[in-house]
Amino acid sequence: MESSSRVRHVHTAIIGAGHAGVECAWALRAAGVEGDVALFGAEAHAPYERPPLSKALLTGATSAERIALRADSAYEKSRVVVVAGDPVASIDTAAHTLTTRSGRVVGYEHCVLATGASARPIAEVAGEQTYSVRGLDDAHRLRQALRPGVRLLVVGAGYLGLEAACSARKLGAQVVVLEQGGNVMAGKVSEPTATRIGALHREAGIEIRHGAAVARWERTATGWRAHLTDGTALDADLVLVSIGAIAETALAEAAGLICLDGVVVDECCRTSAPDVYAIGDCASAFRGELQRHARIESVQNALMQARTAAAAIAGKSPPAPRPPTFWSEQQGRRLQMAGLVNPAEACRDVLLPTAKGWLVERYQQGRLAAIEAVDSPVEFIKSVPRIGSPESAS
């Protein structure tokens, strides 16, 4: 990576060095932007992939070096300056400048916010023996604590919580998952998929408690005790909190940008401030499927918005919109999803068996709204273009 000491004025300043930020830098070059591009990362690490954090990295099947988004030499070749470990502290949208924590002032022509999201905390659960998995340091810290026989309590049965539970179980931990809802991945996947995936976790020795709400938390000599509202209590050596994420909007809010569960953007990822864009997990765009603004937390969405913002900055046509896609790996099964289901409307799910897994077609208002595929990549690829088509056309 190039030296960051010479960064004083850039064509485009990208704040955030995750999937969205790095892709935006490369998309700018692909779109013909020749001016200086700088990536400002809060972490001291070189930009890395995040999906492996709860899976292969947590089990030790891969390393931090192997999940780097680009080789150091690639940044130099593409003339992208990476400023690591010196996060942006403020933005002056009128002056078109930003100031980093160390006091460095950088002028910009265009600014892209790719600040991502942070783990939603539980106020009573903090300090030693409590974990979340949003960054590389988080994953390393949890990995060091996991060992055979350790009791891990996972709060939240979403994608990340379940992936981490799988990894912990592979390492020999005793795992209990608490979920307030009636099934795993509640509101994210269909009932057939949730039920089948939940059964796989139980077969692997993971205990999942549904309708489980914690009344209070207690510190113990060895870790934590969760007192549930049903009167029972659970002891754990470690607690992993995985109850969703909060968009990192503090920087945007301080700069006067309009935020609503994320930085509000238009179809070209422009914010309410001139020459400032927002992409990835921190960006809230209008979603026709939901009839409201919403954040979409997925790598595919981050990459698509990065290319959209880069096209707008370069004065080029934006890429054609595509249904958002998501994926997860749990208990050796690969779950792929595409499209969005509006929770305010009725949904009809059609379960179709495949050679190695299953496919679920999800219909709303007579149209295919979303699909889910487990160990069925060919069927998934064939079904994605059908999203939005009338049910009779399937």
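How many bridges join β21 to β22, and in which sense do the two strands run? They are joined by 6 bridges and run antiparallel, where helices (H or I, at least four residues) and strands (E, at least two) are DSSP runs numbered from the N terminus, and two strands are said to pair if DSSP finds at least two bridges between them. The model is predicted, so that local features need pLDDT of at least 70 and side-chain atom pairs count only at pLDDT 80 or more, while totals for chains, interfaces and linings use all residues. Residues are numbered from 1 along each chain as its sequence is written, and side-chain values use heavy atoms, with hydrogens and water left out.

Within this pair of strands, Thr-325 has Ala-338 of β22 as its bridge partner. The two strands form a hairpin with 2 residues between them, and Gln-331 in the turn has a positive phi of about 50 degrees. In a regular strand the side chains alternate between the two faces of the sheet. In β21, the covered face carries Phe-326, Ser-328 and Gln-330, whereas Thr-325, Trp-327 and Glu-329 belong to the uncovered one.

Just after α6, Gly-205 takes a positive phi of about 95 degrees.

Strand β11 leads on to a sheet of 5 strands, which is open, has the order β8-β15-β9-β10-β11 and is paired in the parallel sense. At its edges stand β8 (130-131) and β11, each with a single partner strand, so one side of each is left without a neighbour in the sheet. Strand β10 (residues 174-179) pairs with β11 over 4 bridges, and Val-177 stands opposite Ile-208 in β11. Helix α5 packs on this sheet, touching β9 (151-155), β10 and β15 (238-241), and its direction makes about 165 degrees with that of β10; axes are lines fitted to C-alpha atoms, for helices over the stretch in contact, and angles run from 0 to 180 degrees between N-to-C directions.

Strand β15 contains Leu-240, which counts as buried because its relative accessibility is 0%. Leaving aside neighbours within four places in sequence, the contacts of Leu-240 include Tyr-131, Leu-142, Leu-153 and Ala-164. Of these, Leu-142 is also among the buried residues of helix α4 (residues 136-145), together with Leu-136, Ala-139 and Ala-145, and the buried residues of α4 pack against α2 (56-59), β8 and β15.

Between β11 and β12 lies a loop that holds Ala-213, a residue that is partly exposed, with a relative accessible area of 22%. Not counting residues up to four places away in sequence, Ala-213 touches Gln-180, His-227, Leu-228 and Thr-229. Strand β12 belongs to an open sheet of 3 strands in the order β12-β13-β14, with antiparallel pairing. Its edge strands, β12 (214-219) and β14 (233-236), each pair on one side only, and the twist averages 20 degrees from one strand to the next. Strand β13 (residues 224-228) is joined to β14 by 4 bridges, and Trp-224 has Ala-236 of β14 as its bridge partner.

A further packing involves two helices, α1 (residues 19-30) and α8 (residues 299-314), whose axes come within 8 Å and cross at roughly 35 degrees. Residues making this contact include Ala-20, Cys-24 and Ala-27 of α1, and Ala-302, Ala-306 and Ala-310 of α8.

How values were computed. Buried < 20%, exposed > 50% of the residue type's maximum accessible area, 1.4 Å probe, protein only. Contact = heavy atoms within 4.5 Å.
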